Amino acid sequence: GGGGRRGGSNDTPVLFYSRRIGLESGRVVPILGGARMLGRVGAWQVGALSMQTDDVPAAGIRSTNFSVLRVNRDLLRRSRIGFLTTRRDAGAVSGDTVGADAQFGLTNDLTVLGYVAATRSSARPDADDELSYRARMDWNADRYGFQAEHLYVGEDFNPEMGFLRRSAFRRSMAEGRFSPRPAGSSVIRKWDFEGSYDRFTSVSGRLESEETQGTVRMELQNGDMWNVEVTRAFEAIDARFEVARAVFVPVGEYAFSTVKGTYILGPQRRVNGSITAGRGGFYDGTLTELTWRGRVDVTSQFYVEPQLSWNKVEVPWGAADTNLVSTRWTYTISPRMFASALIQYQSRTASVSTNARLRWEYQPGSELFIVYSDGRTTLSRGIPDVENRSFVVKITKLFRW
């Protein structure tokens, strides 16, 4: 089982993800070469890619070809249909994915979208539930709003050039909103009253998680925002998991409620961001959380994004604090060049990670990236020991003809 969550995109399968090329079971695989083509003719858009990776005999990895074809066609003013096929071919073992999707903008406020996809692998000839589909409706008017979705991922569905965030499930979700604007108020610009229901089951219909949530949000005339949300959740846990260092939640069924409040400082402020405080049930215990996510505009070209998160978990099987501290610096050198750096400490994994990146668009559509990353453990004494380190240079060139 896993947590229910709002907004369907988090659990929708990704049929193609380019970073799967050159990685196998967490191991870097050399890329021998390949080609990519992008083009548009009238209402048609076409993209094709083919890449060949080398074999790694020591890890039992065979040379593999990755091929993708994507076709889109625009319809009317706000609609489109599309087709995607991928193939991962490692000689005796191959995997295919084929899918079609559509999005129809029926009005300025109403959109209907969906997809259907199927996979097939020569390594699993007996698989019989390799289908996935999704249907969603969004009505997003100023005063009223409504969303509804159903998503299905079959037991054997496996997009080998993409990935699944969650496998073998059905999801049904609905959310309604009422957003009045008080006439003549000098303080409140708009109210939002929202209610949502989110339900996950197995493909056979067994309830895995369920969430009912009510939210009251107030948008102020000065650009700030305040909201309070109350959540009632159910979780069926099939395997124990770690919620904090050395604190595990065992297998079982749990129902609990939480209350959370957030105040958001408007982006027009030099120091802005959000402050969140929450408390409530957490499996058979309690969770208290306090988080600040901010942005400080030091100059017009340089800004800092700090984040502080403190979570106190108290359950019958133990108690612990889970803390996260991070800071991102971004400096815009020119409209086409910026440098950024992220440093993050996480107490749950006792780790410090660093990521520094330079991006330069040296010509319109053509870019140079230089990226440095490392991960360190804080379990050692003194300066944290390096566990992994990487340095990547990537250059792209756009050809027009």
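Valine 259 stands opposite arginine 279 in β18, and that is where I would like to start, with strand β18 (residues 271-282) pairing with β17 in the antiparallel sense over eight bridges. Two strands are said to pair if DSSP finds at least two bridges between them, and strands themselves are DSSP runs of E with at least two residues, numbered from the N terminus. Please keep in mind that this is a predicted model, in which local features need pLDDT of at least 70 and side-chain atom pairs count only at pLDDT 80 or more, while totals for chains, interfaces and linings use all residues. Residues are numbered from 1 along each chain as its sequence is written, and side-chain values use heavy atoms, with hydrogens and water left out.

β17 and β18 form a hairpin with five residues between them. On another side of the pairing pattern, strand β17 (residues 252-265) is joined by 13 bridges to strand β14 (residues 225-237), and these two run antiparallel; there, alanine 236 stands opposite glutamate 253 in β17.

Let me turn to salt bridges, where a side-chain nitrogen of Lys or Arg lies within 4 Å of a carboxyl oxygen of Asp or Glu; by this rule the count comes to 27. Which residue forms a salt bridge with aspartate 224? The partner is arginine 269, with the closest N and O atoms 2.8 Å apart. This pair links distant parts of the chain, since aspartate 224 belongs to the loop between β13 and β14 and arginine 269 to the loop between β17 and β18, 45 residues apart. Aspartate 224 counts as buried at 1% relative accessibility, whereas arginine 269, at 32%, counts as partly exposed; buried means under 20% relative accessible area, exposed over 50%, and partly exposed in between, with a 1.4 Å probe and protein chains only.

A second pair, arginine 217 and aspartate 192, has its closest N and O atoms 3.6 Å apart, and here arginine 217 in strand β13 (residues 207-220) and aspartate 192 in strand β12 (residues 188-201) are 25 residues apart. Both count as buried, because arginine 217 has 18% relative accessibility and aspartate 192 has 9%.

Lysine 312 and aspartate 321 also meet through their side chains in a salt bridge, at 3.8 Å from N to O; lysine 312 is partly exposed, with a relative accessible area of 28%, and aspartate 321 is likewise partly exposed, at 38%. Finally, a network of salt bridges links Arg134, Arg136, Asp138, Glu149, Arg171 and Asp198.

Definitions and conventions. Helices (H or I, at least four residues) and strands (E, at least two) are DSSP runs, numbered from the N terminus.
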